[in-house]
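Biologist: Hey, could you walk me through this one? I'm new to it.

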Amino acid sequence: MALVVRSVYNGFQALFQEHSDPRTADFPFMGDFGLAKILAIMIIYLFTVKKWGPKLMEKRTPFELKTTMNIFNVVQVLLNVYIAIFGGYYSYWQSDFSWSCQPIDHTVVTPERLNLVFVSYVYFLSKILDLADTIFFVLRKKNNQITFLHTYHHAGMILGTYIFSRFMSGSHSTLLGVLNAFVHVIMYTYYFLTSFNSDLKNSIWWKKHITQLQLFQFLILILHFAHPLIRRPDCSHPRILLCIAMMQNIFMFCLFFDFYLKAYRRKKIKRESTD
């Protein structure tokens, strides 16, 4: 058993040493044992929000956290504005960056590309910050909102953006971060405004359209990753990574669409049938 574990470990070490992006090697979490740290964060997060946290809060009064959450939402808006604007500028605004097929190339060290690598790393860090969303649910005893979709999305994004930042910065996957940051600007702006306007907080219109925006995001990304697979056989980007990214976005679309039907369409039909 020890030999098997050692062989797997050595295999991962060789893979990371051979394919890791040297441009991010000195960033926190991107060096040796970076994957182990990320997996530890994911495991602690899942146990905290699913088991330890609810048990700790079981006999306690829920925290209000209004000021804390307002500060958090403002930070998220500013952070995602930075990622969306500068991520887009240092990628698709540049003449040497392709919409249809942008390969992984760790040798490009122009100032624009190095800035894009850094913005991509900040995007990864923002996904760790996103975990606070669920911690707030636990402290406010909103355990009904800690769904499979919520926890899978947050935990999965940490692993996905870690892999992207460590191996694929400046590649075809860049659009995911730019689009996702734009959606988060709108989402966290809405969260911030709801603390001052209870009518807005209870507005189905806003919630429904934010979910529709998220669905539209996944559709764009499905097409984005499918394009080089179907229309660009000459694309030097690893096809297996494009397939994984496309399938992941299809899966997320299905999860969000199922939530959308349950939260808005089926409730509307039920209300109409009782009128």
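**Salt bridges and beyond**

Modeller: Let's start with a pair of side chains: aspartate 130 and lysine 127 meet in a salt bridge, 2.9 Å from N to O. By salt bridge I mean a side-chain nitrogen of Lys or Arg within 4 Å of a carboxyl oxygen of Asp or Glu. Keep in mind that this is a predicted model, where local features need pLDDT of at least 70, side-chain atom pairs count only at pLDDT 80 or more, and totals for chains, interfaces and linings use all residues. Residues are numbered from 1 along each chain as its sequence is written, and side-chain values use heavy atoms, with hydrogens and water left out.

Biologist: Are aspartate 130 and lysine 127 buried or exposed?

Modeller: Both aspartate 130 and lysine 127 are buried. Buried is under 20% relative accessible area, exposed is over 50%, and partly exposed is in between (1.4 Å probe, protein chains only).

Biologist: How many salt bridges are there?

Modeller: The count comes to 5. One of them joins aspartate 96 and arginine 113, at 3.3 Å from N to O. That pair links distant parts of the chain, 17 residues apart: aspartate 96 sits in the loop between α3 and α4, and arginine 113 in helix α4. Arginine 113 counts as buried because its relative accessibility is 4%, while aspartate 96, at 48%, is partly exposed.

Biologist: OK, new topic. What's the secondary structure of the protein chain?

Modeller: There are 10 helices and 0 strands. Helices (H or I, at least four residues) and strands (E, at least two) are DSSP runs, numbered from the N terminus.

Biologist: What span should helix α4 have?

Modeller: Helix α4 covers residues 111-129, and at 1.5 Å a residue its 19 residues should span 27 Å; the end C-alpha atoms are 27 Å apart, so the two agree. The expected span is 1.5 Å times one less than the number of residues.

Biologist: Which helices do the buried residues of α4 pack against?

Modeller: They pack against α2, α3 (66-89), α6 (148-167) and α7 (174-194). Among the buried residues of α4 are Leu116, Val119, Tyr123 and Phe124.

Biologist: And what does methionine 157 touch?

Modeller: Leaving out residues up to four places away in sequence, methionine 157 touches Tyr123, Lys127, Tyr152, Leu176 and Asn180. Touching means a contact, with heavy atoms within 4.5 Å. Methionine 157 is in helix α6, and it is buried because its relative accessible area is 18%.

Biologist: Why is the disulfide right-handed?

Modeller: Because the torsion about the S-S bond of cysteine 101 and cysteine 235 is about 90°.

Biologist: Last one. Which residues form a nonpolar patch on the surface?

Modeller: Leu39, Ile43, Ile44, Phe47 and Trp52, with about 500 Å² of accessible area together. Patches are made of residues with over 30% relative accessible area and no salt bridge; like charges are joined within 9 Å, and nonpolar side chains (Val, Leu, Ile, Met, Phe, Trp, Tyr) within 5 Å. The areas come from the Shrake-Rupley method with a 1.4 Å probe, and for residues only the protein chains shown count as cover. Tryptophan 52 is found in helix α2 (residues 34-57).

Note on methods. A disulfide is a pair of cysteine sulfur atoms within 2.5 Å.
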